[in-house]
Amino acid sequence: MNKRSTVNGQQSTVNRRRFSGYGLLTIVCGLLLLPSCGIYTFRDVSIDYSKFKTVKVGFLENKARYVNPQLSPKLTDNLKQKINNYTKLALVNGDDASYIITGYVSRYDVSLSAISNQTSAGNRLTVAANITVLNTVDNKTDNFTVSRDFDFSATQSLQQAEGQLLDDIITQLTDQIFNHIFSNW
């Protein structure tokens, strides 16, 4: 419907309904066409689901000097959950998967991070994992390391800090591993 309005004393005809209809139609068409593409991108995930269907995640063993017994099973489970929640890949146990992810925790070390009045004021826990991804579809292997530092007060023991930091450690390492494998960064 045409609407007449007065601008600077002159009448002009504005077709507002027609413009907003075309804009809305363009947006709807664009949203409908996105899922039909061969490559699915959602939350920065970029996987060609016409080629890649399955993934196997091996147990990420803790081979660091200090072993937190909860770290390996939780890291492995969290990575599986993230893949299950954010991709269309099916988790399998066989070696015929499109992606085979293996690895181990290589570092779990505490160091001094802050000094105040010649005494320790803060500590830093460094956690690292070496990851290998075998892409069986393209016959490619990717080896990489993820590492994060977690600071805690020098008044806490390592065991106290672990109780507070473990969930954050698991989440941050999982995110780094997932993003390296499945995102185009």
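## A guided tour from Ser 98

Begin by selecting Ser 98, which, apart from neighbours within four places in sequence, is in contact (heavy atoms within 4.5 Å) with Lys 51, Phe 52, Lys 53, Thr 54, Leu 134, Asn 135, Thr 136 and Val 137. This is a predicted model, in which local features need pLDDT of at least 70 and side-chain atom pairs count only at pLDDT 80 or more, while totals for chains, interfaces and linings use all residues. Residues are numbered from 1 along each chain as its sequence is written, and side-chain values use heavy atoms, with hydrogens and water left out.

Ser 98 lies in the loop between strand E7 (90-91) and E8. Is Ser 98 buried or exposed? Ser 98 is buried, with a relative accessible area of 7%. Here buried means under 20% relative accessible area, exposed means over 50%, and partly exposed lies in between (1.4 Å probe, protein chains only).

**The whole chain**

Now display the entire protein chain as a cartoon. Its secondary structure comes to 3 helices and 10 strands; these are DSSP runs numbered from the N terminus, with helices (H or I) of at least four residues and strands (E) of at least two. From the N terminus, the order of elements is β-β-α-β-β-β-β-α-β-β-β-β-α. Of the 185 residues in the chain, 32% are buried.

Next, colour the chain by pLDDT, the predictor's confidence in each residue, from 0 to 100. The mean for the chain is 82, and 71% of the residues reach 70 or more. Select residues 11-19, over which pLDDT stays under 50, and then residues 24-42, where pLDDT also stays under 50. Where pLDDT is low, the predicted coordinates should not be read in detail.

**Helix H2**

Select residues 71-86, which form helix H2. H2 has 16 residues and reaches 22 Å from its first C-alpha to its last, close to the 22 Å expected at 1.5 Å a residue; the expected span is 1.5 Å times one less than the number of residues. Which residues of H2 are buried? They are Leu 71, Ser 72, Leu 75, Thr 76, Leu 79, Lys 82 and Ile 83. These residues lie on the same side of H2, because they cover an arc of only 130° around the axis, taken from the directions from the helix axis to the C-beta atoms.

**The nonpolar core**

Select Ile 101, Val 127 and Phe 182, which touch the most other members of the largest nonpolar core, a group of 37 residues. Such a core is a set of buried Ala, Val, Leu, Ile, Met, Phe, Trp, Tyr and Cys residues joined through side-chain atoms within 4.5 Å. Among the elements that each supply at least two residues of this core are H2, strand E8 (99-116) and helix H3 (158-182). H3 gives the largest share, 11 residues.

Focus on Ile 101: beyond four places in sequence, its contacts include Leu 79, Ile 83, Ile 131, Ile 181 and Phe 182.

**The loop at Asn 139**

Finally, select Asn 139, in the loop between E9 and E10. Asn 139 is exposed, with a relative accessible area of 66%. Its phi is near 55°, a positive value in a residue other than glycine. Asn 139 and Tyr 99 are 40 residues apart in sequence and 9.9 Å apart in space, C-alpha to C-alpha.
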